[in-house]
Amino acid sequence: MKKTLMLVVLFTLSCIVTAQEKITEGIFISKQTMSTDNEQMQATFDAMGEMTTKTYLKGKKSRAEMSNPMSGDIVAIVDAESMTSLTLMDSAMGKKYMKTKVENEDELLKDITVEEGSETKTILGYECKQYIVTMNQNGVEMKMSMYVTDQIEPVMSSNNLVLYEKINGFPMLTEIEMNQMGMQMTITNEVTKIDKTEVSDDLFSLTPPEGYTKMEGM
């Protein structure tokens, strides 16, 4: 359960912006909320408090940073050109890293379906189109409703890298519905602030920092 939640959290990233040019560089703040019909697990979610993620975007590269009591500190760096991601985790297990390269995209996409939805939403001044994504991960089926704007270059995580060609845009709001062991869960991620600013190239290094060891079996 904890491993699945960590992967979902990774998948998962108050200014009103009306720019017409496509944003390819900046800093994005998003808020995550989790709810369930299981009272014990809901109490755990409530105790975690509000979770936020800071995402740095520069061209085809992104870096997402988040921290919470369940997963510790997590950094996910993605290079869409090389189809490579680096995830750094600093938790009770110590400092660990996972480095992944997508080499067989067609094989990964066979368990993922993407359909264009009928709804639209305006978020922070951006008109967003709905996409419905259904996928299986670790034996758990997840259904996602994503509201995407084409005015911002896609920001990707290690989990949604394979969707890059199917959804050409930035998800301003993602709602995930999943059922695991009979427990229904809803996970929501919404962008709450965009800062159009320059971002240093140093943030996107795919070399694990000193002190991190490879996570075995991942």
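A salt bridge is a side-chain nitrogen of Lys or Arg within 4 Å of a carboxyl oxygen of Asp or Glu. The model you have open is predicted, so local features need pLDDT of at least 70 and side-chain atom pairs count only at pLDDT 80 or more, while totals for chains, interfaces and linings use all residues. Residues are numbered from 1 along each chain as its sequence is written, and side-chain values use heavy atoms, leaving out hydrogens and water.

How many salt bridges does the structure hold? There are four, and we'll visit some of them.

**Stop one.** Select Glu25 and Lys58. They form a salt bridge, with the closest N and O atoms 3.8 Å apart. Glu25 sits in strand E1 (residues 25-36) and Lys58 in strand E2 (residues 51-58), 33 residues apart. Strands (E, at least two residues) are DSSP runs, as are helices (H or I, at least four), numbered from the N terminus. Glu25 is partly exposed at 24% relative accessible area, and Lys58 is partly exposed at 25%. Here buried means under 20%, exposed over 50%, and partly exposed in between (1.4 Å probe, protein chains only).

**Stop two.** Asp201 lies in the loop between strands E11 (183-195) and E12 (213-214), so its pairing with Lys58 in strand E2 ties together parts 143 residues apart in sequence. Asp201 is exposed, at 55%.

**Stop three.** Now pick Glu116 and Lys129, whose side chains meet in a salt bridge (3.7 Å, N to O). Glu116 is in strand E7 (residues 112-123) and Lys129 in strand E8 (residues 126-137), so the pair ties together parts 13 residues apart in sequence. Is each one buried or exposed? Glu116 is exposed at 55%, whereas Lys129 is partly exposed at 36%.

**Last look.** Select Glu25, Lys58 and Asp201 together: salt bridges with shared partners join them into one network.
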